[in-house]
Amino acid sequence: MSLVQLKDLTKTFGGLVAVNDVSFNVEKDSIVGLIGPNGAGKTTVFNLITGNYVPDTGEVLFDGKNVVGMRTNRIVQMGIARTFQTIRLFQNMSALENVLSGCHCRMRSGVFSAMFRPPWQKREETAAVKRAMSELHFVGLEEQWNNAAKNLSYGKQRLLEIARALATQPRFIILDEPAGGMNDQETQELIELIKAVRDRGITVLLIEHDMSLVMKVCEHLVVLEYGAVIAQGVPAEIKNNPRVIEAYLGTDDGML
């Protein structure tokens, strides 16, 4: 059963065709990788899914509903979360406060309730803190809860972004190069974390250049080149696809 369906997506910027008639499905409870050389259009596809860009043509169906044209906050409320290629944390805020910002989309509190603090608002705040701490524990950062994001290592900041995304209570999470800046041990731990996210019933779509990670964690791969899909399939098929090897994987760089 497909949770996400991309149908004939095209996006141009001036004379540049960044995404060219892209179609693929993401099955529920799966881990799917979107790979390709730099400039292939991968992050643009992510931005089309999450509402940061509006496609020139095509549809993005989430659980059968077209989300094209929806505001980004509404898309998050529907159950789509993401991280970013370039880390976007509140650097001077603590790890806990960063994750709490992810909880906000599920909270009822507004200006007046924050001013007058009725009992239900206090209960909601307590529940949000409990959830945020649970997500920090899930990614292995509970001991860093009071540290400012800027004081965490680059790899831990990546994990903090994942925790914040999970705090939105998504059904579908999009990870944009989550292994960036991680050492080998952190990358191996990330593989287990991604599997654990899927085991929570959250479908995963990721962009990643670390092909070792991709081959270990992904069950299906979609390959882009110049904004178009050139191959889809299980990792073993993609690894041995001559067009993919020529376009991206290479034969002499040790990536395989």
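Trainee: Which residue just after α7 takes a positive phi?

Mentor: That is Gly201, with a phi of about 90°. Keep in mind that this is a predicted model.

Trainee: How should I read a positive phi in general?

Mentor: Most residues other than glycine have a negative phi. Here, Asp63 has a positive phi of about 55° although it is not a glycine. Glu177 is another non-glycine residue with a positive phi of about 55°.

Trainee: Where is Asp63 found, and where is Glu177 found?

Mentor: Asp63 is in the loop between β4 (57–62) and β5 (65–66), while Glu177 is in the loop between β7 (172–176) and α7.

Trainee: Is Asp63 buried or exposed, or in between? And what about Glu177, buried or exposed?

Mentor: Asp63 counts as partly exposed because its relative accessibility is 37%. Glu177 has a relative accessible area of 16%, so this residue is buried. The cut-off for buried is under 20%.

Trainee: Back to α7, then. How many residues does α7 have, and what distance does the helix reach?

Mentor: Helix α7 (residues 184–199) has 16 residues and reaches 23 Å between its first and last C-alpha, close to the 22 Å expected at 1.5 Å a residue.

Trainee: Which residues in α7 are buried?

Mentor: Start with the general idea: an α-helix has 3.6 residues a turn, so residues three or four places apart point the same way. In α7 the buried residues are Glu186, Thr187, Leu190, Ile191, Leu193, Ile194, Val197 and Arg198.

Trainee: Why is α6 described as largely enclosed by the rest of the structure?

Mentor: Because eleven of its 13 residues are buried. Among them are Gly155, Gln157, Arg158 and Leu159.

Trainee: At what angle do the axes of α3 and α6 cross?

Mentor: The axes of helix α3 (residues 95–103) and helix α6 (residues 154–166) cross at roughly 35° and come within 7 Å. Their crossing is right-handed. On the α3 side, the contact involves Ala95, Asn98, Val99, Ser101 and Gly102, which meet Leu160, Ala163 and Arg164 of α6. The residues of this contact divide into four nonpolar, three polar and one charged.

Trainee: Where is the place of Ser134, and what accessibility does Ser134 have?

Mentor: Ser134 is in helix α5 (residues 119–139). Its relative accessibility is 43%, so Ser134 counts as partly exposed.

How values were computed. Residues numbered from 1 in each chain as written. Predicted model: local features only at pLDDT ≥ 70, side-chain atom pairs only at ≥ 80, totals over all residues. Heavy atoms only, no water. Axes fitted to C-alpha atoms, helices over the stretch in contact; angles between N-to-C directions. Helix = DSSP H or I, 4+ residues; strand = E, 2+ residues; numbered from the N terminus. Left-handed = near helix turned anticlockwise from the far one by under 90°. Contact = heavy atoms within 4.5 Å. Nonpolar A, V, L, I, M, F, W, Y, C, P; charged D, E, K, R; others polar. Expected span 1.5 Å × (residues − 1). Buried < 20%, exposed > 50% of the residue type's maximum accessible area, 1.4 Å probe, protein only.
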